[in-house]
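Hi there,

I'm handing over the structure we talked about, and my notes on what turned up follow below. Please have it open while you read.

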Amino acid sequence: MPIPARRTHRLWRTFAATATAALLAVLVVPGAAVHAATPSESQPVYSYENAIRESVWVDTRIDGDDDGKTDRVAVDIVRPREPAAQGRKIPVIMDASPYYSCCGRGNESQLKTYDAAGNVVQMPLYYDNYFVPRGYAFVGVDLAGTNRSDGCVDVGGRSDIQSGKAVVDWLNGRAKGYTTRTGTERAKAGWTNGRTGMIGKSYDGTIANGVAATGVEGLETIVPIGGISSWYDYYFQQGAPLYDSGPEWLSDYVESPDARARCAAVQQRLVDEAPRSGDVTGLWEDRDYVKDAHKVKASVFVVHGMQDLNVRAKHFGQWWEALAKNGVDRKIWLSQTGHVDPFDYRRGAWVDTLHRWFDHELLGYDNGIDREPMADIERTPDHWTTDKVWPPRTTATTALRPGKGDRAGVGTLGLKKGSGTETFTDDPALSETDWAARIDTGTSAKAGFISRPLGKDLRLSGSSEVTVTATPTTATAHLSAVLVDLGPATIRDYAGAGEGITTLTDRSCWGPSTTGDSSCFKNTRTATADVDATVFSRGWADLGTYANPAKGRPLTPGKPYTLTISLAAADHVVPKGHRLALIVAGTDKDLIDPPSTKPTLTLDLARSAARVPVVGGAGAFAAATAGTHSAAPRSTGADGVSPFRQDRPVPGGSNR
């Protein structure tokens, strides 16, 4: 049976890498005995203190600032001295970021620092401290328009992505590098075998996604942590604005002062081509990496907080599904946190897993990580489970139908088709937590639909969608749909200042340090909240996108419209004794911006449904709700998570 093309590529990578690793096994320690077996783990045998620190400027081959010269991006490198002296080539771990000088990386907002010769002294985060002694080079790339690079920030566009791709090309001998920003002396990457892994949180992870979506050769793996998969979906969802500003604000925020002065034209394009109407334009299509998932040749290790309200969980869901359809090798970690790096919520397990992942993908070590469970999922704070495949193979889309209840605004949720209508009026002063806290109360601001109390645990795993037929009273309307676990629980305080963690004063160390670059970072502990209701999946839309999700249009008051709202991916177990709820309402305070009017909307329940990914399918839902009796409504306290913070849209800036 012939091997599919993508699988052939992955097999060839493994064979080639294993051969390289076998050679490294002989040479990794000076004077080591010859062993036939490939090692299973790289060891810290090289000096970090004596590592080579150098800077190179790589030609991106584009002129983003229209100054008549192609832009060069600054590449700061830390690599072990010994392999090059022995004539051996090593792989690269790369973090391409706009935040190295403006905003900082990690929980402690670290910046790059330099010595008098312009070589990097402090490289933010622990990657260099930990991996350089183990035989990797670490490369920190300043995106075009930031820190010491030429060009302009175009927020996920060609300039941003080419900043990373050009460096992968240079590492593989396909692009030009220079020893200075303006000089002509060439710099070559003869010390590397070109095998590159990209990593980074938020904007940095987004660049990794975008570079992988170019299909560039030599990029073997990416580890996007809270990464964006489509920039439109960072600023809008189906026409509903998620923030009160667009990409031009972010570009201005991260650009270096000299870039800001010369990049007015790029800034203006970001305004002109990203209208606040929420329509999908060519600018957004160019920044959609999901559509190019078929080009991805790298393996992908996705990490995301399921309660991330900055880079929202839709991003990992649609990216994961597109990668799966195209046969990309994948692994995933899903936490209960908000926008938090796993180094700050599961430090020891994370560093060990990342180490083994890079050893396998970049050194070719047969350490078994590719045969381990695909998914690690945080069920309750600090309690993790695994799945061989994610979502589980028994997951099936199940249509849950809203039905009329015995009180206005308090309906039922089950497998049988409902009838009648429910009406609510948009109240921009209320949030999803307000709706959930009043789920058993007939309020005018939401329509809630509740299952019977569960006789068994019910697991939902993957992405959901909610179809509604709604009749508005005004020409504009925004809709929100959320899935809620009704019942007492202790969860991470994802909306608090630490988004599920508290930073402590004591430190732990991850590799050797130098005077200017410590490997010791503040420890954290889990921040929790006791709640009576947990919103675990969300989605929003402008009703005006009913005919075309890419373009809104005015509504005719009194006319019904059918719209399907995509909900964020999640993996959540609704425990026995709890109830599952669907809430449909208008503006979700602090999570979408309100429309220009305050419409009243009437839902046609017979033409509305939630399609949710139930492990075990409809049979599992029926079994969980069979033989149970509706509990008497009880007053629930307000959801105990902290109030949402109204931050500017900065994916991963500062300590976010």
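A word on terms before anything else: a contact here means heavy atoms within 4.5 Å. With that in hand, residues 24 or more positions apart account for 77% of the contacts in the chain with a separation of 6 or more.

Please keep in mind that this is a predicted model, where local features need pLDDT of at least 70 and side-chain atom pairs count only at pLDDT 80 or more, while totals for chains, interfaces and linings use all residues. Residues are numbered from 1 along each chain as its sequence is written, and side-chain values use heavy atoms, with hydrogens and water left out.

**The chain as a whole**

The chain holds 14 helices and 29 strands; these are DSSP runs, numbered from the N terminus, with helices being H or I of at least four residues and strands E of at least two. Its radius of gyration is 26 Å, close to the 26 Å that the globule rule gives for 656 residues, so the chain is as compact as a globular protein of that length. (The radius is taken over C-alpha atoms, and the rule is 2.2 Å times the number of residues to the power 0.38.) Along the principal axes, the C-alpha atoms fill a box of roughly 80 × 55 × 55 Å. Of the 656 residues, 59% are buried, where buried means under 20% relative accessible area, exposed means over 50%, and partly exposed lies in between (1.4 Å probe, protein chains only).

**Strand 18 and its neighbours**

Have a look at strand 18, residues 410-414. Four of its five residues are buried, so the strand is largely enclosed by the rest of the structure. Strands count as paired if DSSP finds at least two bridges between them. Strand 17 (residues 395-407) runs antiparallel to strand 18, and four bridges join the two. Within this pairing, Thr412 of strand 18 has Gly403 opposite. The hairpin of strands 17 and 18 has two residues between the strands, and Gly409 takes a positive phi near 80 degrees there. Strand 18 is also joined by three bridges to strand 20 (residues 446-450), this time in parallel. Here Gly411 has Phe449 of strand 20 as its bridge partner.

**Disulfides**

How many disulfides does the rule give? The count comes to three, taking a disulfide as a pair of cysteine sulfur atoms within 2.5 Å. Numbered in sequence order, the bonded cysteines pair as 1-2, 3-4, 5-6.

- Cys102 and Cys103 have their sulfur atoms 2.0 Å apart. The torsion about their S-S bond is about -85 degrees, so this disulfide is left-handed. Cys102 is partly exposed at 31% relative accessible area, whereas Cys103 is buried at 9%.
- Cys152 is joined to Cys263, S to S 2.0 Å. With a torsion of about -85 degrees about the S-S bond of Cys152 and Cys263, the disulfide is left-handed. The pair links distant parts of the chain, 111 residues apart: Cys152 is in the loop between strand 6 (137-142) and helix 4 (158-171), and Cys263 in the loop between helix 8 (257-262) and helix 9 (264-272). Cys152 is buried at 2% relative accessibility, and Cys263 is buried at 1%.
- Cys509 is joined to Cys520, S to S 1.9 Å. The torsion about the S-S bond of Cys509 and Cys520 is about 100 degrees, so the disulfide is right-handed. Cys509 lies in strand 23 (residues 501-509) and Cys520 in strand 24 (residues 520-526), 11 residues apart. Cys509 is partly exposed, at 45% relative accessible area.

**Aromatic rings**

A search of the whole structure finds 29 aromatic pairs. Rings of Phe, Tyr and Trp (its six-membered ring) pair if their centres lie within 6.5 Å; planes under 30 degrees apart count as stacked, over 60 as edge-to-face and the rest as tilted. One of the pairs is Trp231 with Tyr234, which is edge-to-face at 5.8 Å centre to centre and 70 degrees between the planes. Trp231 is buried at 0% relative accessible area, and Tyr234 is buried at 0% as well. Ring pairs link both into a cluster with Tyr99, Tyr203, Tyr232, Tyr235, Phe236, Tyr243 and Trp284.

A charge sits over a ring if NZ of Lys or CZ of Arg is within 6 Å of the ring centre and within 35 degrees of the ring normal. The charged end of Arg72 sits over the ring of Tyr178, 3.7 Å from its centre, and Arg346 lies over the face of Trp333, at 4.5 Å from the ring centre.
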